[in-house]
Amino acid sequence: MSIVSKEAQIGGRTLKLEVGRFAPQTNASVIAQYGETMVLVTVVRSTPREDLGYFPLSVEYVERLYAGGRIKGSRWVKREGRPTDEAILIGRLVDRSIRPLFPKGYNDEVQVTITVLSVDLENDPDIVSLIGTSAALAISDIPWNGPIGAARVGLKEQVPFVNPTEAEKAFSDLDLVVAASKERVVMIEGKGNEVTEAQVLEATKFGKEESQKVIALIEELQKEVGQEKKSFVEKEINEEIKKRAQKFVKEYLDAVFSKEKGRETGGTGSAEALTSFLSEFEPEQKREASAAFEYFWKKIFRENVLSGKRVDGRALTEVRPIEVEVGILPRTHGSAMFKRGLTQVLTVTTLGAPSLQQLIETATGEESKRYIHHYSMPPYSLGETGRTGFLSRREIGHGALAEKAIEPVVPTEENFPYTIRVVSEVLSSNGSTSMASTCGSTLSLMDAGVPIKTPVSGVAMGLVTGEKAGAEGDYLILTDILGAEDFNGDMDFKITGSEKGITAIQLDVKIPGLTDEIIEKTLAQAKEGRLFILERMLTALKEPRQKISEYAPRVAVIHVPQEKIGEVIGPGGRVIRRLIEETGASIEVQDDGSVNVSGVDEKSVESALNQIKGLVQDAEVGQTYEGEVKRIQPFGAFVEILPGKEGLVHVSQMSEEFVDDPSTVVSIGQKVSVKVMEIDEKGRINLTMLLNGEKKGGGNRGQGRDFSRQPKFEKKPYFPSSKYRK
C-alpha cells in the first residue's frame with residue numbers, strides 16, 4: 001500500500017494523518033502528528049471466543065521513554081514497567097470517546113493500541129491519540145458511526161483558544177478536552193479555576209467547532225483509503241421469549257417503583273431477578289432469554305423514569321439524604337465521612353515534608369506532585385466478594401477526577417509547604433462515589449488544617465432519553481444518580497466546583513452524544529445540586545481548622561542565597577549533620593536555595609530555622625548583638641551573636657579595667673551585649689563589650705599588658721623519634 005497523508009492547520013500548527021507506512025497486518029493503522037508529537041494508532045478486530053454479553057473493546061496506551069529521548073532512571077531496570085496512571089487515564093479518555101459510536105449489539109473483540117513515538121514539550125499526546133484513533137476506526141472495516149474530532153480548549157480573560165501549549169496552560173483558567181461528532185458532543189473532561197457554567201458551555205461549543213476541522217480532515221483520508229465497513233445486523237430474539245421477558249420485567253419493576261420513597265436498592269436487583277427469570281428456560285434458551293431480559297429491563301426502567309418516577313421516589317432534582325462527620329479517626333491528621341444515600345466514603349488526609357512529593361517519570365521528563373489523591377473501592381462496598389489488592393483502572397480514574405476537583409483550591413507550597421496525600425475509602429457504593437470522594441476530601445483537608453482557598457462539592461448528573469435520543473426536549477435530567485440510574489441511563493456527567501464556579505468536569509455517554517441544549521440544562525441543574533450539597537457539608541465544618549493536628553509533622557521552608565548554600569551544608573556535610581543532631585529536625589537543601597525543615601514539634605523546627613538564619617546572616621561592623629558566651633579561653637571568650645556564628649571578645653575588650661582571668665567577668669551560658677569591632681580578611685569576628693567608647697583604664701593582654709606576670713614555661717630539649725636517630 002502506498003503512503004497517503006493529509007494535513008490541516010489547527011491552532012497555528014500542522015496536524016498530519018498518515019496511512020500506509022507502519023503495521024500492515026492490522027485492520028487499520030494511522031500515524032498522527034501534531035507539531036513534533038507523533039503517535040501510532042492500530043486497530044485490530046477478532047471474533048469473540050464466546051458470547052460475553054458485553055462489547056469487548058480495549059484501548060491500550062503505550063508510552064515509551066525513547067519518545068522524549070530518555071532512558072529510565074532506575075539503575076537496575078531500564079525497560080518501561082506497568083502503565084503509569086497518566087497512560088491509564090489517556091486510555092480511558094479515548095475509550096469513553098469512541099465507545100458510544102459502535103453499533104448497539106456489536107460484540108466483536110476490538111483492540112486499539114496507541115504507541116507514543118515522539119513527544120515535544122508543547123503538544124500533548126492525548127489529543128493526538130484521540131484524533132489518530134478516530135481516523136484509524138474511520139478507515140477500517142469495523143462498524144463504527146464516526147468519525148469524531150477532538151480539541152483541547154484553554155481560557156484566558158474569558159476568551160477560549162484551541163490546543164494550548166504547555167507554556168500556555170500555565171496562565172489558562174481552563175483545561176478542557178472536548179470530543180465531538182458533527183452534531184453532538186461525545187465526551188468532555190477537564191479542570192478549571194472556578195470557571196462559571198456559562199464559560200464552560202461556551203468553551204464546549206468552541207471545542208465542538210474546532211473538532212469539525214479534524215472531522216473534515218479524517219473524511220478526506222477516509223474517501224481515499226477507507227475500507228468498506230463489514231455488515232452488522234443485531235440478532236433477532238424469539239418472539240415468544242421476548243413476550244415472556246417483557247411480562248416478567250414489567251411486573252417486577254412495577255413493584256419496585258411502587259415502593260415507598262427512600263428505597264435505593266430496588267433498581268439494582270436485576271441479577272436476582274434475572275436468575276429467577278432464567279430458571280424457567282431450558283439451557284439452550286438461556287442465552288437468548290438473558291438478552292431479552294436485559295433489553296426489556298432497560299427499556300421499562302427508562303419508561304418509568306421518563307414518566308417522572310425515580311426508583312427511590314425522589315424528585316428529578318432532589319439529592320439523597322446527606323450525613324457528614326469530621327475528625328472521626330483519632331490519630332490521623334484529618335478525616336471525614338461523607339454519606340449520600342447508600343453511597344458512603346471515608347476520606348483521610350496525611351501531611352508530610354516536601355521531600356515526600358511524588359516523582360513521576362515520563363517521556364517529557366520528570367515532574368513532581370505535592371497533592372495526591374488515591375481512591376479505593378473494595379468488593380464489600382457493593383456487598384460482593386472479589387479480588388482485593390489489585391488496583392483497577394476505574395479506581396485510578398475516579399481518584400484522578402477527585403484530585404482534579406480539589407487541586408485548584410489547594411494552597412501554594414509557599415503558603416503551605418507540605419506534601420498532601422488524601423485517600424478515599426469507599427465503604428458503600430450506590431452511584432457517584434467519585435463525587436462523594438470529592439466532598440469527603442474537602443472536609444478531610446479542612447479537618448487537617450489545610451487552608452484550602454474555598455470548599456468544593458460535586459454531583460453526578462444522569463440522563464434518560466426517549467426514542468429521539470434527547471432531541472427536541474425528549475429527555476429528562478436526573479440529579480445525584482443512583483447506581484441503577486447510571487447503569488440503565490444514557491449519561492454520567494460529573495461536575496465539581498465551589499460556590500464561585502466549576503473546578504472539574506467529566507462526561508460519559510452511552511448514546512451518540514449530547515446536544516448543546518442538554519449540556520446547558522445539565523450544568524444549570526448541577527449547580528443547584530452542588531450548592532445544596534455544599535451547604536450541608538459546611539454544617540459539619542465551616543472553615544479549615546486554625547491548627548494542624550498535633551500528630552502532623554511541623555514543616556517550614558526558608559530561602560537562602562545560593563552562594564550561602566555551602567555554609568549551611570559545611571565541609572563534607574558537617575554543618576548540616578550537626579544541625580540535624582542538635583535540633584532533631586530533618587533538613588533538606590535544594591539547589592535553588594530552598595531549605596526544607598521538618599520535625600515532630602515546633603521547637604525543633606524553630607531551633608533549626610534560627611540556626612540556619614544565623615549561618616547565612618552576615619554580622620555587621622558597628623552593630624550591637626545580644627549574644628551567649630559559648631567558650632572561655634585564657635585570652636578571652638567566644639560569644640555566639642547569631643545562631644551558629646561566634647566572635648571573640650578579647651580580654652582587653654571585656655572591661656575598662658585590667659582583666660587577668662576572663663572567668664571573673666563572664667561565665668559560659670551568660671547573655672552579654674557585644675558590638676562588632678572588626679571582621680578580618682578570614683571572616684573572623686572581633687567583638688567588644690565596651691559599648692560606650694574607648695577604655696579609660698590601663699592596658700590589658702595584647703595591649704600594653706605586663707607579660708612579666710604571665711607564667712613561665714621551662715624550655716625542654718627536643719628528641720626526634722627513633723626512626724630518624726642515627
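Me: Where is Thr115 placed?
Reply: Thr115 sits in strand β6, residues 109-118. Helices (H or I, at least four residues) and strands (E, at least two) are DSSP runs, numbered from the N terminus.

Me: What sort of model is this?
Reply: This is a predicted model, in which local features need pLDDT of at least 70 and side-chain atom pairs count only at pLDDT 80 or more, while totals for chains, interfaces and linings use all residues. Residues are numbered from 1 along each chain as its sequence is written, and side-chain values use heavy atoms, with hydrogens and water left out.

Me: Is Thr115 buried or exposed?
Reply: Thr115 counts as buried, at 17% relative accessibility. Buried means under 20% relative accessible area, exposed over 50%, and partly exposed in between (1.4 Å probe, protein chains only).

Me: What does Thr115 touch?
Reply: Leaving aside residues up to four places away in sequence, Thr115 touches Met38, Val39, Leu40, Val62, Arg64 and Tyr66. Contact means heavy atoms within 4.5 Å.

Me: Next, the core. How many residues has the largest nonpolar core?
Reply: The largest nonpolar core has 120 residues. Such a core is a set of buried Ala, Val, Leu, Ile, Met, Phe, Trp, Tyr and Cys residues joined through side-chain atoms within 4.5 Å. The residues with the most contacts inside it are Leu17, Ile98, Phe102, Ile420, Phe493, Leu514 and Leu523. A second, separate core has 31 residues, including Phe248, Leu253, Phe277 and Ile481.

Me: Where is Leu514 found?
Reply: Leu514 is in the loop between β21 (502-509) and α11 (516-538). Its relative accessibility is 0%, and Leu514 therefore counts as buried. Not counting residues up to four places away in sequence, Leu514 touches Arg184, Val185, Leu463, Met491, Leu507, Val509 and Ile519. Leu514 and Glu183 are 331 residues apart in sequence, yet 8.5 Å apart in space, C-alpha to C-alpha.

Me: And β21: how many of its residues are buried?
Reply: In β21, 7 of the 8 residues are buried, so the strand is largely enclosed by the rest of the structure.

Me: Which strands pair with β21?
Reply: Strand β10 pairs with β21 in the antiparallel sense over 5 bridges, and Glu189 has Gln506 as its bridge partner in β21. Strand β20 (residues 491-497) also runs antiparallel to β21, joined by 7 bridges. Two strands pair if DSSP finds at least two bridges between them. β20 and β21 form a hairpin with 4 residues between them, and Gly497 stands opposite Ile502.

Me: Back to β10. What is the phi of Glu194?
Reply: Phi of Glu194 is near 55°, a positive value in a residue other than glycine. Glu194 lies in β10 (residues 185-195) and counts as buried at 18% relative accessibility.

Me: What about Gln158: buried or exposed?
Reply: Gln158 is exposed, with a relative accessible area of 62%. Its phi is near 65°, again positive in a residue other than glycine, and Gln158 lies in the loop between β7 and β8 (159-162).

Me: Changing topic, at what angle do α1 and α8 cross?
Reply: The axes of α1 (residues 85-98) and α8 (residues 393-406) come within 10 Å and cross at roughly 95°. Axes are lines fitted to C-alpha atoms, for helices over the stretch in contact, and angles run from 0 to 180 degrees between N-to-C directions. The two helices are therefore roughly perpendicular to each other. Angles of 65 to 115 degrees count as roughly perpendicular, under 35 as roughly parallel, over 145 as roughly antiparallel and the rest as oblique.

Me: Which residues make that contact?
Reply: Asp85, Ile88, Leu89 and Arg92 of α1 meet Arg393, Arg394, Ile396, Gly397, His398 and Ala400 of α8. These divide into 4 nonpolar, 2 polar and 4 charged. Ala, Val, Leu, Ile, Met, Phe, Trp, Tyr, Cys and Pro count as nonpolar, Asp, Glu, Lys and Arg as charged, and the others, Gly among them, as polar.

Me: Lastly, what is the strand order in the open sheet of 3 strands?
Reply: The order is β22-β24-β23, with antiparallel pairing. β22 (554-559) and β23 (586-589) stand at the edges with a single partner strand each, so one side of each is left without a neighbour in the sheet. The twist averages 15° from one strand to the next. Helix α14 (residues 602-616) lies across β22, β23 and β24, running at about 155° to β24.
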